[in-house]
Amino acid sequence: MKKISLSFVLFSLVSFVSFSQKSNVYLDSLTESFRKEHKIPSLAVAYVTTDSIYYGISGTTKIDGTQKVNLKNKFHIGSNTKAITSFIAMKFIEEDKISLETKFFDLFKEMKSEKNTFYHEITLGDLLSHNAGIQSYTAGVEFKKLPDFKGTTSEKRKSFSEFVLNENSVPKGTYSNAGYVLASLMLEKIGGKSYEELLKKTFSDLNLDYFIGFPNKESIDNPWGHWIEFITNIPLAPDHFYKMEDFMVSAGDISMNIIDYSKFIQLHLKGLFGEDNYLKSENYKALHLGKPNMAYGWGNAKSNSLTFSYHDGSAGTFYTHLLISHEMKTAVIVFANSADTETQKGIYKLREQVMENNHNFAND
């Protein structure tokens, strides 16, 4: 395995620590305005450039509470986890352990059968770009048909993969959480460790904090997720029954604070514009733009000759929105601890205001 040089680690630590970890007065005010207007329990925003990060935050950890959120509180990022899984995959690709063209069944010959001939040629790249024709598993009702998988999380991951590979295919391009479970199984096979261990190593290398699961399960001081009951946002306690299946982590079950998540995104920004860091610049470009519309953990689009990469993530109780403007060399991240329609409206309006009014804070 390729080792990260000591000089890189020291550079990373120095560059990370040099950034302010205080919120910006203008962004705080803007965030509070949209939070109140759209009745969102708490909001965090970050405006990221290649050399600076500006934060705004407002609200309380739960809608009926008084404890204010802070920049070190974790929010659930949902499907934005997929960009982290693709990031781990790209590191293995750089180390020549695997490629985007590696076929799933070349690693798992024992799972190949006449029942799943449609999937015989699917590759890691197909899985990471939602082009494998794997059923989606984006709705709770889909999980009700599953048997009770036993064993370790990795064993459950493999049992789940065997199950979905014997289901009918769906059109290529169908967004699939299940496809990311299969992709993580490939990474486990190549790395010789569980996905959770690979995740831990990656974030340890980057000196970034994270948690698997909803953040108030780590600490009740973190934001609580909310969902609508009888037209009212209700906070979900740490012992609430709702949670994601443990074998689905790679598809969308990571929580991070806005500071560390912004640092992760800043690595991508720097890489997109020529800097080799944890990954080579060319590989950040492949992650974001390697395929039209949906590359590897990232969507992309062009509008009026401008290029964007993006991803939204939600498991129904939090919402994360992220947009990178390639021409402006900036990213805007918005976290919320609710996910209803009104919350989403507020998030998108906030992001637009931050991008349009960056002169009010970025030059301070």
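**Helix 2 against helix 13**

In helix 2, L27, L30, T31, F34 and E37 meet E342, G346, K349, L350, Q353 and V354 of helix 13, where contact means heavy atoms within 4.5 Å. By class, this contact has five nonpolar, three polar and three charged residues (Ala, Val, Leu, Ile, Met, Phe, Trp, Tyr, Cys and Pro count as nonpolar, Asp, Glu, Lys and Arg as charged, and the others, Gly among them, as polar).

A word on the source: this is a predicted model, where local features need pLDDT of at least 70, side-chain atom pairs count only at pLDDT 80 or more, and totals for chains, interfaces and linings use all residues. Residues are numbered from 1 along each chain as its sequence is written, and side-chain values use heavy atoms, with hydrogens and water left out.

Now the geometry. Helix 2 covers residues 25-37 and helix 13 covers residues 341-356; helices here are DSSP runs of H or I with at least four residues, numbered from the N terminus. Their axes lie 9 Å apart, at an angle of about 155 degrees (axes are lines fitted to C-alpha atoms over the stretch in contact, and angles run from 0 to 180 degrees between N-to-C directions). That angle makes helix 2 roughly antiparallel to helix 13, a label for angles over 145 degrees. The crossing of helix 2 and helix 13 is right-handed, so the near helix is turned clockwise from the far one by less than a right angle.

Methods. Helices (H or I, at least four residues) and strands (E, at least two) are DSSP runs, numbered from the N terminus. Angles under 35 degrees count as roughly parallel, over 145 as roughly antiparallel, 65 to 115 as roughly perpendicular and the rest as oblique.
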